[in-house]
Amino acid sequence: GCWSPLIAWILAPSIKVGFDPLLTLKYLNGFWGLATLLSFYFLSARFEMDVFFKKCFIIFLPLLLLSYVFYVLGPDLLQLFLMSLYLHVLFSKKFFDSNIKLIAIGLLGALCYFAKAYSFYFFIIHISIVLFFVVKKENIHNYLKKYLLRLCMVWIAFFLFCSPYIFLISNKYEKFTVSTASAITQNNRLEPSFTDGRKLVVAPKGNMALSISDDPSFFQGKYINMFSSPHYFLKQIKITIANFFEYFKLLNEISFLAISIILIFVFIKILKPLKEIPSADFILSLTVLFYPMGYLLIAIEWRYIWLLPILLLLMCGVIIKYLDLKFKINLYTKAVAVFFLFISFSLKPILILLHSNELPNEYNLAKKIKDRGVQGSFFSNMSGWENKSKSYKIAYWNNMKLFGFYNPAYNYIDITNESKKFGVKYFFYFYNSPEEKEKVLRSDFSKAAVEIISDIDEVIVYKLKQ
């Protein structure tokens, strides 16, 4: 209900037969990268692109997708692949006159939603706007009829495919929902210290769960949002503005020419009447403009906009074709321009690949803890996102159950009482400086412990009295 289900459904058979899920996911990430490469290779044929640029695009694309493969394991690359299939159908000629293609769009939209919940909202808005503009406008009555019939066909296919899953998670949470992820994220962005209904210790829900992050929907009963009060509404506006600046920063990381490419592409298209603009070019513009908009309300990261570098390069191909036809650019000038263009798009992928072999610091810390024979359930000082991240990752890498502490107000008596209540064996205290380490070692926490391991960097491990 919180985490999108498709990747879990794909991994389930391999887990059932005993394969290592992390290794399986690495292979799947590679497969999705290759499938995405082939998909966008064929997708590029939908556009009137410069031939020389297209060859360079095909050469560059593996570098970009390889950086995605090594950047993070998760549903992001799977969702990118499914989005490429969705765009395949949208960019085909007169897709809106084919019932099969309209049904396929609905099914692909549902698969994108199963891969990542954000796609639910994006798909409904995106396909509604696309159909509004591409359906032929003969007269107002026929136009509205054709538009609504085609939109209903897409929506029916989409909701029929999604509804069993939506019904199940709505029943689970006892309210209608398509995902709890956005509510949790918005709550945490608006008020990180919001503690309505929050307990000091929360046991992982279910035998297989290792922490509350398996499904944080049950972390607290009530969440705040931008409509909870005027204060939070104003704070949401501030968050959105901050996200806009972060988005522009990410665009510049894609390429320092990214914003210029969007503006030039839109400019050369608005010079033509709407009916003369190729539908693929028009849909490309709408997708680039609308795809990141929902993320601006909550949070935006590099992996959320992996689709954009590829779409921006498709825009470049169309722009160069237009300029070549208008100004008859010679091959040498074109080659130099294209070379510098791809260099600008290559910087971030190359940096990602250069650091791809570096193990995260939390992984090394987890290994040190495991090597000391520390195994079993644990508490930790989870104040601050960095400590939470360490705690969750150690729990999963070392197969240890994490019980809290989810509230910063605790002492050695709470540690003793809660450890006896839940059978928790350890308390990890993450420190940031030698001074903090010495202060903690002199604190009352030692009264709750039978053994203290203090020679591991960044953490003090207390073995608790049972």
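How many disulfides does the chain hold by the distance rule? I looked this up before anything else. The count comes to 0 disulfides, where a disulfide is taken as a pair of cysteine sulfur atoms within 2.5 Å.

**Entry 1. Provenance.** I note that this is a predicted model, in which local features need pLDDT of at least 70 and side-chain atom pairs count only at pLDDT 80 or more, while totals for chains, interfaces and linings use all residues. Residues are numbered from 1 along each chain as its sequence is written, and side-chain values use heavy atoms, with hydrogens and water left out.

Entry 2. Cys56 is in no disulfide, and the nearest cysteine sulfur, in Cys316, is 12 Å away. I find Cys56 buried, at a relative accessible area of 18%; buried means under 20% relative accessible area, exposed means over 50%, and partly exposed lies in between, with a 1.4 Å probe and protein chains only. For Cys162, the closest cysteine sulfur is that of Cys112 at 10 Å, which is too far for a bond. Cys162 also counts as buried, with 0% relative accessibility.

**Entry 3. Whole chain.** I recorded 18 helices and 5 strands in the chain. Helices (H or I, at least four residues) and strands (E, at least two) are DSSP runs, numbered from the N terminus. Along the principal axes, the C-alpha atoms fill a box of roughly 80 × 55 × 50 Å. Of the 466 residues in the chain, 49% are buried. I also looked up the sequence separation of contacts (heavy atoms within 4.5 Å). Among contacts with a separation of 6 or more, 75% join residues 24 or more positions apart.

**Entry 4. Helix 8 and helix 9.** At what angle do the axes of helix 8 and helix 9 cross? The axes of helix 8 (residues 181-190) and helix 9 (residues 230-254) come within 10 Å and cross at roughly 95°. Axes are lines fitted to C-alpha atoms, for helices over the stretch in contact, and angles run from 0 to 180 degrees between N-to-C directions. The two helices are therefore roughly perpendicular to each other; on this scale angles under 35 degrees count as roughly parallel, over 145 as roughly antiparallel, 65 to 115 as roughly perpendicular and the rest as oblique. I listed the residues that meet: Gln186, Arg189 and Leu190 from helix 8, and Tyr232, Lys235, Gln236, Ile239 and Asn243 from helix 9. These residues divide into 3 nonpolar, 3 polar and 2 charged. Here Ala, Val, Leu, Ile, Met, Phe, Trp, Tyr, Cys and Pro count as nonpolar, Asp, Glu, Lys and Arg as charged, and the others, Gly among them, as polar.

Entry 5. I traced an open sheet of 5 strands in the order 2-1-3-5-4, with mixed pairing; two strands pair if DSSP finds at least two bridges between them. Strand 2 (402-404) and strand 4 (449-456) stand at the edges with a single partner strand each, so one side of each has no neighbour in the sheet. From one strand to the next, the twist averages 25°.

Strand 4 pairs with strand 5 (residues 459-464) in the antiparallel sense over 5 bridges. Within this pairing I noted Ala449 bridged to Leu464 and Ile453 opposite Val461. Strand 4 and strand 5 form a hairpin with 2 residues between them, and Glu458 in the turn has a positive phi of about 85°. Strand 3 and strand 5 are likewise antiparallel, over 5 bridges. Since 5 of the 6 residues of strand 5 are buried, this strand is largely enclosed by the rest of the structure.

**Entry 6. Helix 16 on the sheet.** I found helix 16 (residues 385-397) lying across strand 1 (378-380), strand 2 and strand 3, at about 140° to strand 3. Asn387 belongs to helix 16 and is buried, with a relative accessible area of 7%. Leaving out residues up to four places away in sequence, Asn387 touches Asn381, Met382 and Phe430.

**Entry 7. Tyr429.** Is Tyr429 buried or exposed? Tyr429, found in strand 3, is buried at a relative accessible area of 14%. Its bridge partner in strand 5 is Ile460. Beyond four places in sequence, Tyr429 touches residues including Asn381, Glu436, Val440 and Phe445.
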